[in-house]
Amino acid sequence: MTRVMIYRRFERFWHWSQALLIFVLLATGFEIHGSYHSLGFAQAVRVHTLAAWALIVLWLFAMFWHVTTGEWRQYIPTRKGLFAVLHYYLVGTFTGAEHPYRKTSKAKHNPLQRLAYLFFKLVVSPVIWASGLLYLFYNDWPATLSGLLALEWVALVHTAAAFAMLVFIIAHVYMATMGRTLTSLIRPMITGYEELDEPPR
Amino acid sequence: MTTGPVRGERGGLGRVAGVILLLSALVSVAQGADRPPPTADHRKFEALKGPFRDATEVTRACLGCHTEAAEQIRKTTHWTWTYAHPETGQVLGKRHVINSFCGMAISNEARCTSCHVGYGWTDMKQPPPSSDSAVDCLVCHDTTGDYWKFPTLAGFPTDVPREWPSGSGKIVEPPDLARIAGHVGASGRANCGACHFYGGGGDGVKHGDLDSSLVNPPRTLDVHMSPEGLDFQCSDCHTTWGHRVAGSRYQVNAKDTLGIDVPGHTDFSRASCESCHGSTPHDRQKLDDHVDTLACQTCHVPAFARGGVATKMWWDWSTAGRLDADGNPITEYDAHGHVRYLSTKGDFRYEEQVVPEYAWFDGTVEYTLVDQPLDLSQVPIDINRVDGGPEDPGSRIWPFKVMRGKQPYDTEFKTLLVTHVFGADDSALWSNFDWPRALAAGSAMSGVPFSGHFGFVETRMYWPIAHMVAPKEQALDCQSCHGAQSRLAGLGGIYMPGFHHSAWLDRLGWLVVLLTLLGVGAHGVARLLLKGRKRP
């Protein structure tokens, strides 16, 4: 076992600032939706818009980072080992089995993580992003668009995507506690280093 | 080489002139004198020194210089009380419409025409008197505040001491016409207000956003008209063109897309907020995004009747005529001291700080005229209807006072009826408390048919709200509409985040969230319970 840098500095910055922004966006978003009252509508809209812009900028940097470092390959889905991982989470974790996946810095996400994160990145986030921008700029829609689309549908899609985001986060946070110890998967996301079966780079 | 000193002198003079200009500018700012001084002192005109036998002689004197004024006035709605609506083709105006207050002006002339800009219109079946001297210059141009068209004299001020209100013991002296004639000037709030604040028979009764509190309003009541603020007169927005005043309640400019009115580029009318504020007046883009859908007044007039004067919201004529045991008329007051019942007029409800009702409005108002058959399956009867809707790009959501009440109609002909309420005769309702006679007299005087069978039907009438614009810090906040208790609830064609949502999407969404929480909860508990079986 060697101590390997698995989550680089930008990746950790991206992950945690994205987490913070998503929490802010969920909180203010559901207030705008009318689910509860705290900041007041105007303030919630202001914070929501600001956080959305910050997240968009962060995503642009993250996309650049993924492309230039080749880290995007970490998210290529694979069926190989997928069912073993599923079986582990549904059965093995209770019977004391070992996690079937061997993490390396080149392939740091197990097949289920790959699928989940890919879904997050290619479906949930783009839907939120696109519907959110349409929502924000609905007054500037070109006539052809406003003839096809109603604000109501944009709002419904945005809300549905927000629910999907909330579900993702609940599952993601819970599964982050499923390492050898409660925090063994979270610590590397903070320090960047994890003990892995691979030679030091 | 003589230019040097000359230049120097000029420079010195210029500086002195500059300092004088600057000082005078400072003085004028300090005095708040933001209007140009008049070019004439009317006290110096021989023709205006009097004495005048009556008000028509003052008019003759005015017309000696202002030669075109009478002809101009006679072309305006203020004179004709007739408005041919360009969109609907309906003939409207006070001479023709019926309202949900006292009904029609016709048959009640001397009382109602006390607000005509002329003298002696005693029979509305005829047009107003045609002589030049029948035009009333003073009601709009008196600056002393002493000129008052006596309420029962068909537009004339009184020429002898008279009691008003009748039975009150208060005596109104005839105005000093010579003094008033020497003090004429541009119309101020009190001039317009003398009629427009008192419509419907009393202060604030009719409009809700126009009452005597606007003569000298605090900034919180009207940010434009307050002397603490801009001290606008009515005519600063209701600009005139040859005595024709801009801004109509029958054909409102519901969405002014011309933007800021620049002389030479647009019209000279400033009777819309956009005329000065443009179409993007806010410092936040999201607020400007609302301009296409909401009239400015919708957010910036948070409530009407805010100045301490109550407005009438309900008027039930059906109860009028009840007398006490001795056969005398009754007056009852509500807890706030507002009249609640009068034998002459029936039951009322006065309200202050009234939250408007909201409707899509393209500016066109259609009337149920007195000869139109009523659809009694649709009660309340709309005395007027505001056109417009969400699909129409010329419409916006406007605030309205909705006046409700009950008024007489012909149960056989199914039409509204004219009530002869006022007059020193044996048929006026206010003198005799006899409905059949008052309605028969109203019919005879107006020519509107009456079968002799009548009842009372509930009606409602829409009054657009455009005045009492509050300072911006009092404008509605987002939650007023974007919340569960939305002011715009029930209006079609809009999606308001915070108010609108899809119940099924919310149920489904929260169900999935709940199931996820239960799933991870159960998974976690199972992990804890089965921990012992885990290999180290």
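Chain B is divided into domain 1, which takes in residues 42-81 + 116-185, and domain 2, which covers residues 311-480; these bounds come from an automatic or database domain assignment. The C-alpha centres of domain 1 of chain B and domain 2 of chain B lie 30 Å apart. The model is a predicted one, in which local features need pLDDT of at least 70 and side-chain atom pairs count only at pLDDT 80 or more, while totals for chains, interfaces and linings use all residues. Residues are numbered from 1 along each chain as its sequence is written, and chains are lettered from A and ligands numbered from 1 in the order in which they are written.

Strand β7 (residues 311-316) of chain B and strand β10 (residues 346-351) of chain B run antiparallel and are joined by 5 bridges, where two strands count as paired if DSSP finds at least two bridges between them. Within this pairing, B:Glu351 of β10(B) stands opposite B:Thr311. Strand β9 (residues 339-342) of chain B is also antiparallel to β10(B), to which 2 bridges join it, and B:Tyr341 has B:Asp347 in β10(B) as its bridge partner. A hairpin is formed by β9(B) and β10(B), with 3 residues between them.

Further along chain B, UniProt lists residues 508-530 as "transmembrane region" in an unreviewed entry; such annotations may be inferred rather than shown by experiment, and their positions are given in the numbering used here, with feature names shortened. In the model, residues 508-530 of chain B are 96% helix and 0% strand, and the end C-alpha atoms of this stretch are 32 Å apart.

The contact between the chains takes 24 residues from chain A and 29 residues from chain B, two residues being in contact if their C-beta atoms, placed from the backbone, lie within 7 Å. On the side of chain A that touches chain B, at least two residues each are supplied by α2 (41-69), α3 (82-95) and α6 (151-175) of chain A, and α6(A) gives the most, with 12 residues.

One of these helices, α3(A), has 14 residues and reaches 19 Å from its first C-alpha to its last, close to the 20 Å expected at 1.5 Å a residue, the expected span being 1.5 Å times one less than the number of residues. A kink of about 55 degrees in α3(A) is centred on A:Tyr88, the bend at a residue being the angle between axes fitted to the seven residues ending there and the seven starting there.

How values were computed: Helices (H or I, at least four residues) and strands (E, at least two) are DSSP runs, numbered from the N terminus.
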